Amino acid sequence: MTTADTQPIRNPALAALAAQPISIVTEPPGPRAKEMIARALPYLSPSLIHCYPLMVQRASGCMVEDVDGNIYFDAEAGVATASTGHCHPAVAAAIAAQAEVLIHICGTDFHYPGYGAICAKLDELARRIGPNAHHWQTFLTNSGTEAVEAAIKLVRHHTRRQGLIAFRGGFHGRTLGSLSLTASKSKYRRRFGPLLPGVFHAKYGDADSVEELFGTVASADDVAAIIVEPVLGEGGYVVPPADFLPRLRTIADRHGILLVFDEVQSGMGRTGKMFAAEHTGVVPDVMLLAKGIASGMPLGAMIARRELMTWPPGSHGSTIAGNPVAIAAGLATIELLDNELVANSARVGDTLRTALSAKLRGEPAVTEVRGVGLMIGVELMTPELAHAIANECFKRGLLVLECGSKAIRFSPPLIINDVQAVAIADLFAAVCREVRAIGAPA
Ligand code: PLP
């Protein structure tokens, strides 16, 4: 039984939605969606992706309803963010209760109870990573990219070194500092240069390639930090070889370099452990969180060993980051994750990966099913196939996103159950067969 089952959903219409099956009543995008999207588009930044024309009315649990009454299963969870499911009643209640007493005062300049509470909670959780885990201190942010920016500033400030090593395939955000690390697709960087100097990219999964950088372009004693996703997210849902993170730890220690784990996507239970770092026991010096930490409220965190937090008051801050309402959502989310949803992620993640592997076995469109917990990637033969399959899934009521150059990612809410996992694997396999049979556009 999941928390979603034990917590009453107060709005009966939302409760009903969470229990609905997929239901496509009019081919999406339906007439209302088409009309509303056409009305909105002239006012929107064209940089937004809009991978398919979904106009969401409301969402509950794993289900999303569009403005035409179509009901979808959300196997992407608002890009791996609605960790406790959409509008979890405990999270919604925490948000509502906090909004009645204090929405904002500025955590950079003043104290309020939630800020300390969530930082203490993150310390408690991070101490579980491994035997050598530290005492952690936290700087809260509004987003993943802000957590990355904070890390770049902290590691430079603390080490008095400038160099940064990231990995090809990595995604760390879109602001100029984090974008300098991002190397998953060149479209993110095109025409935005010059980016930060002193950033070098090694090959993901290959610790030797870091040593090669030291020998060729990046003197190790100029390097402040190695920044890495423990499981590659936007770059393709790739689990690195088992020795990769331990070797990065050794290399970093040898050269006095800090090791930063960007767990913005892989953290908060997504991989079946609270942090992906727990799979290896490798303890980073800095860890970055966002996405699933507050079920979709804007909250991120840059947590670091206490000894590294040597920057003085005023050296970094934010007006809104860690606002009381986002923190209330975060605390409620973390309680749900820690009580049962992380374990559910591991268990149902196995079910989903096994079901996808079984149902896609022999399917010529698919070259690999991979992943850990509820961070599962399906690699297709071509980018065109991946795109066509994601679109057809949408039309059939299954929301998935692409990643890497030709993969599809499954990152459903961590409340998903076994029956739902098998059902979406079935539907996905059927879509793969049909799209391949009719021939995806070349
Ligand atoms: N880091 C990783 C690993 C991510 O996956 C993302 C977003 O997808 C980010 C950083 C940036 O987070 P945000 O979009 O909240 O700025």
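**Exercises on backbone, packing and ligand shell**

Proline 194 lies in the loop between helix H8 (176-181) and strand E6 (199-203), where helices (H or I, at least four residues) and strands (E, at least two) are DSSP runs numbered from the N terminus. The model is predicted, and local features are taken at pLDDT of at least 70, side-chain atom pairs only at pLDDT 80 or more, while totals for chains, interfaces and linings use all residues. Residue numbers start from 1 along each chain as its sequence is written.

**Exercise on the backbone**

Determine what kind of peptide bond runs from glycine 193 to proline 194, and what kind joins proline 28 and proline 29.

Solution. The bond from glycine 193 to proline 194 is cis, with omega near 0°. Next, the bond joining proline 28 and proline 29 is also cis, its omega being about 0°, and proline 29 belongs to the loop between H2 and helix H3 (31-40). Finally, turn to cysteine 106, a residue other than glycine whose phi is positive, near 95°; cysteine 106 sits in the loop between helix H5 (89-101) and H6.

Solution. Contact here requires C-beta atoms, placed from the backbone, to lie within 7 Å; axes are lines fitted to C-alpha atoms, for helices over the stretch in contact, with angles from 0 to 180 degrees between N-to-C directions.

**Exercise on a helix pair**

Describe how helix H6 (residues 113-126) packs with H11, giving the angle and the axis separation.

Solution. The angle is about 35° and the axes are 9 Å apart. The crossing is left-handed, a term used if the near helix is turned anticlockwise from the far one by less than a right angle. Residues of H6 in the contact include Tyr115 and Ile118, and those of H11 include Ile327 and Leu331. By class, this contact has 8 nonpolar, 2 polar and 1 charged residues, with Ala, Val, Leu, Ile, Met, Phe, Trp, Tyr, Cys and Pro counted as nonpolar, Asp, Glu, Lys and Arg as charged, and the others, Gly among them, as polar.

**Exercise on the ligand shell**

Find which residues come nearest to the ligand, and which helix gives the largest share of its shell.

Solution. Of the 14 residues around the ligand (C-beta atom, placed from the backbone, within 6 Å), Gly144, Thr145, Gly173, Val264 and Gln265 come nearest. Helix H7 (residues 144-159) gives the largest share, 3 residues. The shell divides into 4 nonpolar, 7 polar and 3 charged residues.

Key: Contact = placed C-beta atoms within 7 Å.
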